[in-house]
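Here are my notes on the model, as numbered points. Please read them alongside the coordinates.

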Amino acid sequence: MPDLTRDADALWLGVPDVGGLGLGDIGPLRRRADAFGGSDVSLSVFRGALPTAELKARSTLDNALDDLTTPIAVARAGLYIPATLLAALAVAALVLTARQLAEHRRAELALLAARGAGTLRLAVATAVQWAVVAVPAGVAAPFLAGPLLRLLDGAGLIPGDVPTTATLAAGWVAALLAVVVHGTALLWPTIRTVRDRQAVRRLRLRLGRFAGAQRLGADVALAAVAVLGWLQLRQYRSPVTGGGVDPVLVLAPVAMTCAAALLVLRALPLAARIADPLARRGTGLVLPLGGWQIARRAARHAGPALLVTLALAVAALSSTALAILDRGDHDQAVFRVGADLRIVPGERLATAERRAAYGALPGAGAVTPMVEANGYLGQSWVTVTGVNTARGPAPALRPDLSDRPVSELVAPLGRNIPVHGLPLSGAAGELPLRVRLSADGPGTPVPLTLTVHFVDADGLTRASEAVLKDTDGEARTVRLKVPVAGEGARIVQLGVSMTGERVRRTYHLAVDRVPGLTRPAAWHDLRTDAPDRKIAGCPDAKARRLPGSAPGPVLCSDRSAPGTLLDAVLRGPDTTLKYPTWSMRLGTDRAKGSPPVPALADRMLLSSGVARVGDTVTVQRAGGGTARIKIVGKIDAVPGADRDRPRLLADSRALAAQFVLGGTLPAAESAWWVAAGNGDATAALRAVRADPRLGTAVDVPQMRARLAADPLRQGARGALTLCLVLAPAFAVVGFTLHTALSVRARTREFALLRALGVRRGQLAAYLWTEQLVLAAVAAVLGTVLGTVLAALVMPVVTVDDTGRPVYPGLLTDVPWARVALTAGATTLVICAVVTVAARFLGRVDLARVLRAGEDR
């Protein structure tokens, strides 16, 4: 319509395409969205052209992205810790292998330097030899990482999306750093050796029992740093602070792992000295010689032992951490569901049919609604959760979180429920009501709408309406549908509406001969400001000392009798008002003298100091009404509910009685809990999915799958899986290099032993004794160390998407089979390496080795 164009506003909405959005894109997108809001539209929208109409730019995308700050920090912290562990292991492997290569060439370089070779010449020669192998390996690494990641992803070892290639800036930087670290660790000892004028004399010196780093106390210093980091981490209980990742808290677990591995190696010389006398008691040659060699070369074995210990510690830590997270996901899923199955009812299922429908699900046992009533306790916003403690399953709370079984905690909550409402015995689907209605005044009165509010055996409120027409006092039968089923139904309130009435008139309404209604009713107006009956025009009403008002319908009088629902004289609304009040609510109970509702308070409420166990408090319900609650016990948390506010747990029937006595209607259910007979609700879940009118349901395995599929969690799991898969490989590679260099360096020793009559089998067993005892001890120490560290670290570094510790707290669940399998498989691979070395050892050319150097 052209005439309206001047008064019309057009709104254009732009929604970003987040399909290819990564974590690194969120910061720039936030800055662009912030700059777009309130910007010059001629530049930001029309790109320099003049606007054709008045236009304002506004953006709320930056606020939405700000809400992601903490979840993103949590995801990054979960990724940084295992990634840093793997990086520390990689650095240790690079440094130790480089030092072994340098140590292997130390004698040769010392002799060359003594014969006059210059430092620069030897350093350049060593660097060229190193670069021929290391530089091509560094260049090939990013190209090989992509296929390796895809292989692990194809095997199902890495959850979530994985990059298709590592030939990115981060991949090249990592490869460059690895090459630099390895080259520095190799060339620095080389330069020191060739510059040392006493290098040849030092070759004859016996190595100390401890490695150089241990003699300098570096392991003790690192342990002190690790302890400080652990104390900080334990205090904050989260690596995320202020919406960002605290690098100190992220590095604390890494420092703890490295320091523990270094400290454990201090026991290696002591163990060797203890094992040496024991080995000498043997009657053969292998054990005494192997034990003597381990004790003699303890410092030289420290490097490979440290690598194996650290690698197996990282693998055991990762394996245990994954098991702890899996157990944590299960515990969180159980807590969030609250029972075996949680159903949010659909609108298509009649309220009276819900209990019967859910109780008839395959494998279903106990069933209860979950009622939530929000309100204020003092200045605190709290929620009172109600469940049927007599007919429903007990809330699913982990046993260690309560001093008694939850079923025993909640059982007293449903006892001694106060009498309320009008009980209906044997209530059927309909109630035939005898109704007599007459009205005075001019014109035709409008029909009255009578709303009857019921409460069922679970404490849930349902309503049914009947339209009553003027019968001139004649009796007429009206059938009222009963929206509740089973025993325990009761009528708690009545609503009377006269919408559209034009004249204030007097009504005489009688509803009697109600089947099953035996208790006489005594109705009263539920409004807090009682209407002035004299002002309303009620017959025989007396004037008040202080006149009031009566804008709406008024209950003038009521006579009670058995079987009679209502026998009252009513006065209609004040139709002279511009906005009359058309309806009123009547109640039959009063709260005076009624006992409070027993309830359990959660830890959040008790720690706030608002209430204590034994207190009787009053909750001001949102929307009106109060509930007096006596805190009879405590519960760590209320299952099936968010932990964003303090909560109270009560029986839904007792809670309904308290609300009814207080003049308000009970809260409606938000969900239903179903307990499966054997704990497996799969069949019931399939039945709910097959019938959409039943609502939507979730069981514990499905909730657990949702938690595991959370993108914020998958990064940490993927990094831990990489640690578990790759850490043993570092141990195998490092120990393989150690064994190969050890065999080559000791060829003359082995040849002398052969010349003295030692058989090949004995020589192979000797090498086995030395190398495998070292690897086995390091593997056992590393496995135990990683398991203990996982139990200490995981509960304090694992947080939810808000940066708070997860609930329920993580329990240590060590996968001993997987941990032992990892350590055993690593040791077996090392066994294979030693076996190959032993086979080559038997091929020693005694004449060539023993006569070496005679022609010089």
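1. Pro 808 sits in the loop that links α24 and α25 (816-841); helices (H or I, at least four residues) and strands (E, at least two) are DSSP runs, numbered from the N terminus. The peptide bond between Tyr 807 and Pro 808 is cis, with omega about -5°. Most peptide bonds are trans.

2. The model is predicted: local features need pLDDT of at least 70 and side-chain atom pairs count only at pLDDT 80 or more, while totals for chains, interfaces and linings use all residues. Residues are numbered from 1 along each chain as its sequence is written, and side-chain values use heavy atoms, with hydrogens and water left out.

3. Thr 787 belongs to helix α24 (residues 760-797). Thr 787 has a relative accessible area of 6% and is therefore buried (buried means under 20% relative accessible area, exposed over 50%, partly exposed in between; 1.4 Å probe, protein chains only). Setting aside neighbours within four places in sequence, Thr 787 is in contact with Ala 316, Thr 320, Val 814, Trp 816 and Val 819, where contact means heavy atoms within 4.5 Å.

4. Asn 416 is not a glycine, yet has a positive phi of about 55°; Asn 416 lies in the loop between α16 (406-410) and β6 (422-423). Arg 513, also not a glycine, has a positive phi of about 55° and is in the loop between β12 (506-512) and β13 (524-525). Most residues other than glycine have a negative phi. Are these residues buried or exposed? Asn 416 counts as exposed because its relative accessibility is 74%, and Arg 513 counts as exposed because its value is 60%.

5. Leu 433, in strand β7 (residues 430-439), has a relative accessible area of 3% and so is buried. Beyond neighbours within four places in sequence, Leu 433 is in contact with Arg 476, Thr 477, Val 478, Leu 480, Val 511, Asp 512 and Val 514. Leu 433 and Ala 510 are 77 residues apart in sequence, with their C-alpha atoms 9.7 Å apart in space.

6. Helix α10 (residues 218-236) and helix α11 (residues 247-264) have axes that come within 8 Å and cross at roughly 140°. Axes are lines fitted to C-alpha atoms, for helices over the stretch in contact, and angles run from 0 to 180 degrees between N-to-C directions. The crossing of α10 and α11 is left-handed, that is, the near helix is turned anticlockwise from the far one by less than a right angle. Residues of α10 in this contact include Leu 222, Ala 226, Trp 230 and Tyr 236, and those of α11 include Leu 249, Met 256, Cys 258 and Leu 263. By class, the contact of α10 with α11 has 16 nonpolar, two polar and one charged residues (Ala, Val, Leu, Ile, Met, Phe, Trp, Tyr, Cys and Pro count as nonpolar, Asp, Glu, Lys and Arg as charged, and the others, Gly among them, as polar).

7. α11 bends by about 25° at Pro 253, the bend being the angle between axes fitted to the seven residues ending there and the seven starting there. In α11, 13 of the 18 residues are buried.

8. For the chain as a whole, there are 26 helices and 22 strands. Buried residues make up 46% of the 856 residues. Of the contacts with a separation of 6 or more, 79% are between residues 24 or more positions apart.
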